[in-house]
Structure formats: C-alpha cells, structure tokens
Amino acid sequence: MASFHTIHGSGTTHQAEPITPSELRSEFSHHDPTVARVNNGSFGSCPSSIISAQQRHQLLFLRQPDYYYFNTLKPSILESRRIIRSLINADHVDEVSIVDNVTTAAAIVLQHYTWSFFSSAFKPGDAAIILNHSYSAVKKAVRAYISRAGGHVIEVPIPFPVKSDDEIILEFQNSLQMAKANGRKIRLAVIDHITSMPSVIIPVKELVKMCRDEGVDRIFVDGAQAIGNVEINVKEIGADFYTSNLHKWLFCPPASAFLYCKMSDELSDLHHLVISHEYGNGLAMESGWVGTRDYSAQLVLPEVMEFVSRFDGGIEGIMRRNHKKVVEMAELLSEAWGTELGAVPEMCSSMVMVGMPACLGIKSDEDALKLRTHLRECFGIEVHMYYRAPMEGEVDQITAYARISHQVYNRVEDYHRFRDAVNKLVKDGLTCSLLPN
Ligand SMILES: Cc1ncc(COP(=O)(O)O)c(C=O)c1O
C-alpha cells in the first residue's frame, strides 16, 4: 500500500494524492515514444506538470515585468532556496545560492581561488587535487582557473572497475602523501560525489575528512548527479562548497543548480561570474539577479516537492526504487551478454556501468561514440558509453561499459530493447571498425 506524503507549503498542510500509472505516463508523454531512454544522467528529465509551472512563471513575468521584478522574483527564489536548504540539511538559507548549472558553480568557486594566486595569498606551485574521473568540463575549468594562475594540479588515479570504497580511499591518500612529500601546499580539493563517466559513488565523507586531517585548505564537492539520486547531507559531508544540478535527478527544468557555501568569512568574498546590481550583497543575492533573463527554471521547487510527494516514500522512495531497479536491469544485461558490472551495487546510484561484449571491438573513445550513435539511430536507444583502455598485459578484457540509468518513467522494455539490440549486433558479427565515422 503506497504511503501518502505530506506537503508543507504556504502555511497549509495537505495529503498528496498518489500518482496513478496513467498520470505518470502523461507526466512524461512529451518524451519521444520511439526512444528507449536509459540515459537520465546526461540531461535529466522534467515532468509536464513542472513544465506547466515553469510556463506559469514565464507568463507572470511577461504579463507585468515590473510588478514581477519588484514583488515576485526575489521571494520566489528565496522559497526555492529554503526548500533546497532543508533537502541538503544546510544550517542557513544564506549558504544556498541558485545558479544555472554545475559548470557555473564550479567556475564561481575556481575563479575565487584564481584571485588568491593574484593577491599572493597562494604561491606559484600551490596545488589543487582532483580525481582522474572528474567531469571533463570541470577538469578544463581547473586548468583554466588554477593552472593558468600558476597553480599545480594533481590528478588522483581512481581505479575502474572498482570493488570497494577502500580502493578509492587508498589512491586518494597516496596522492595526498606524494604531494606532501614534494612540499606542496594543497589549497583546494575538487571531489565528485558521483563521478559521471565511469559512474561510481565516491566515499566523499571519508575523503573530505582525510583532506581536513591532512590540512587541505578548502574542499569543493561536485555533486552534479547527486540531488534526487543519493542522499545529500552537507553537514555530515563537511565540505566548504557543494553543488548539484536540480535538472538531472530532481525533475527541475534546465537550467538550474544550487551551490552551497559553508558559512565563513570567505563567503562574503565569493562572487558570481556575472556582476550586476546585487554585487557585494552576498553570493545568493548576486546569483538571484545576473541581468534580465528567464529565471523560471529556478522557481518550480514547490511544485517539484508536490510532484515527488505523490510517490511512495517521496524523493527517498524514488531514489531507493531507482537504485534497486537499475541494479536489477544491469544484472539482466550483464548476464545476457556474459560481461560484468563496473562497480559493486553498493557503489552505484541510479546509474550502473555494464560491461559491453568484447567482440564488438570497442578500441577507442571514438568507437564508443560511434556505437552510441549507432544504437540511437538504428535501434532507438539512448545510452551513454565509456571506453576503458586495457591495462598492460590485459587481453580479451571488457573495453567498454554502457552507463544505464533508471528514472520513474523507465519500463523494463527499455532494457530489453537494449539487450536485444546488442545481442543482434553480436550475432551479426558487427565490430566498431565497420561503423561509419
Ligand atoms: C559530475 C558532473 N559534473 C559536472 C557536470 C556538468 O553539469 P552541467 O552541464 O549541467 O553544468 C556534469 C554533467 O553531467 C557531471 O556529471
């Protein structure tokens, strides 16, 4: 029996109606029905009731922009920030800013540390530490903001496939020790909560604690894939900065993300990249007005909370079931293809890496992309593909992993289609070298 979830808002409390299967289908009826979408991790998904809520905000603005600007926008953003504060267990709403996406949040934090090199608070050669599997756009930002300012970047070689948190913790510890032995001062650690490719949950709390023990100055957690996917408790995690996209797993429209900055003297010195009227009024206020633009994607958090409350157990129930289902589907695929999962289920969120049959001959990133395109164009399957170069001495190893996901709109048929398509490619003797560039 599905439990009702209570909604609090506007001073009233009411019971949400459990969503019916046909209502659920209708919420995602704008998805292309010909496509099996098992890649929620790239761009997320947004139900039609949330799109309608967003359009209501857009029309309210267009109806009377002056009134909306002076009376509606700021309180609406504040309401969204309050909801996020409670979802992530931050102490204060001033610690929560809403920005476009994690790329922007990372640039805000990294730019702040560029200034520290320019002001001589940091010395040339001071270091930032990052994971080898960090998101490539964030890695590029680290290079652009830290390396160009004279900083040194250390990449931790996280293993993949991976069987335990300890393997990651050990590598991280080794990298910190090596940096210390070389006399480097580590100013910033950038740690993913869930790496994107290959997708694995990182033992972020343990790594943050290790950074603290080893005297790393500041810690920034990239949780782009985390909110709505795994639990986030910023107080328990203990980082200085934490960001997550609201548009990936929390059903918000693109583009929306939050940036949590732990209360400190430094917070007043942190600025949005786009300077506008609110400059100097704190990052949360600065982020609330970056010039005239559409802010509607940031304002639908109340409706999102109402949407998730219609599912058994609310957002926690959704996360639990997504994880359970995606592991079940990943095992179904790996058994059908005679391969293995890239990480043990406890290290997976609502995304799992499934080994692809070696006979497909996936020998490069380009091959992985060609196969991904072929699956989309010839079989109507949207799935992300990861190439893993064989280590020295490895033969007949799995060289690629599909990153499959599960979200509330998925059906078992989506995974059956993927299984059958790969089985057909194997049966037909297709290898990536035969696919067009
Ligand atoms: C770990 C990680 N970091 C950063 C990003 C960038 O997110 P966005 O493109 O929304 O800024 C992503 C997107 O997939 C991601 O998975």
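Modeller: Before we look, two strands pair if DSSP finds at least two bridges between them. Strands (E, at least two residues) and helices (H or I, at least four) are DSSP runs, numbered from the N terminus. This is a predicted model, where local features need pLDDT of at least 70 and side-chain atom pairs count only at pLDDT 80 or more, while totals for chains, interfaces and linings use all residues. Residues are numbered from 1 along each chain as its sequence is written.

Colleague: OK, how many helices and strands does the protein chain have?

Modeller: There are 15 helices and 14 strands.

Colleague: Which strand does S4 pair with?

Modeller: S4 (residues 96-99) pairs with S10 in the antiparallel sense, over four bridges. Val99 sits opposite Ala257 in S10. S9 (residues 241-245) also runs antiparallel to S10, joined by five bridges, with Phe241 opposite Cys261.

Colleague: And is S10 enclosed or open?

Modeller: Five of the five residues of S10 (residues 257-261) are buried, so the strand is largely enclosed by the rest of the structure. Buried means 20 or more other C-beta atoms within 10 Å of a residue's own, placed from the backbone; 12 or fewer is exposed, and in between is partly exposed.

Colleague: Which way do the S10 residues point?

Modeller: Ala257, Leu259 and Cys261 point one way, Phe258 and Tyr260 the other. In a regular strand, side chains alternate between the two faces of the sheet.

Colleague: Switching topic, what surrounds the ligand?

Modeller: Residues including Asn101, Tyr135, Asp192 and Asn245, counted as near if the C-beta atom, placed from the backbone, lies within 6 Å. Helices H5 (102-118) and H6 (136-147) are the elements giving two or more residues to that shell.
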